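Here is a short briefing on one protein model. Please look at the sequence and structure first.

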Amino acid sequence: MRAPAFRHTDPASPRVILYPAIDLKEGRCVRLVQGDMAQAKVFNDDPAAQAEAFEMQGFSWLHVVDLDGAFAGAPRNASAVDAILARVKLPVQLGGGVREMRTLEGWLEKGVSRVIIGTAAVRDPAFVREAARRHPGRIAVGIDAKDGRVAVEGWAQTSSMTAEELGRRFEDAGVAAIIYTDIARDGILKGLNIEMTLGLASAVSIPVIASGGLASMADVERLLEPDCAVLAGAITGRALYDGRIDPKEALAAIARAGGRDKGGVA
């Protein structure tokens, strides 16, 4: 089992961690447009090979989502995740369909370094608290927002709760990170919603990872500006697959800004 990740406050951590995304649908590596499963573009039929490529490019973490599991409420791409864990040594943060402790602990036992709880964070906050208590430093909350409101069930439904309200709910729970996704920007390469992400980061003490829309080196450089120092990292998907972001250039810029990425965690 992989060791628990370091906190973002570890002085050895880089200022920002860039997480390459592997989204799984029917065993393949895909990217969606604004969470629409009907708009899935396949980028690799072998997710483990894609994970290995990211490892060889120098990334220090992987962000993996079981898209089918997010809609079903239970894991649906376990074999693909198992193959990724077997192929690479990088720590993996995984979300999608984690609604009960047995599922969460099963992933941790298999070697997932950090499990992301999304829908259940809205529906069952006590589950998040108990998971964080049992597994300190290894639980993240996924907050996906549509028009300012938290979306659940694989983004198929929108709740009445705001991202800040949900984030504050877990202030004292021991959650390692919040992964904030602006659904309107996800997969369409329009740039991160820095304003809303910074708003969430300023409202909570939990480290926040930005997601949704990262499109170019300009976005990476924006993350390295002083006002974004409160952010712990960012997730990138389509821009990597399309070649809009060169991994070597992006990781070099991050290294220059805050020291080498030694695998510290947000």
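This is a predicted model: local features need pLDDT of at least 70, side-chain atom pairs count only at pLDDT 80 or more; totals for chains, interfaces and linings use all residues.

Residues are numbered from 1 along each chain as its sequence is written, and side-chain values use heavy atoms, leaving out hydrogens and water.

- Helices (H or I, at least four residues) and strands (E, at least two) are DSSP runs, numbered from the N terminus.
- Strand 5 (residues 92-95) is covered on both faces.
- Val 92 and Leu 94 are buried on one side, Gln 93 and Gly 95 on the other. Buried means under 20% relative accessible area, exposed over 50%, partly exposed in between (1.4 Å probe, protein chains only).
- In a regular strand, side chains alternate between the two faces of the sheet.
- Strand 4 (residues 62-66) pairs with strand 5 in the parallel sense over 4 bridges. Pairing requires that DSSP finds at least two bridges between two strands.
- Gln 93 in strand 5 has His 63 opposite.
- Strand 5 also pairs with strand 6 in the parallel sense, over 3 bridges.
- Leu 94 has Val 115 as its bridge partner in strand 6.

**Helix 6**
- Phe 127, Val 128, Ala 131 and Ala 132 are the buried residues of helix 6 (residues 125-134).
- They cover an arc of only 130° around the axis, so they lie on the same side of helix 6. The arc is that of the directions from the helix axis to the C-beta atoms.
- Ala 126 and Arg 133, on the other side of helix 6, are exposed.
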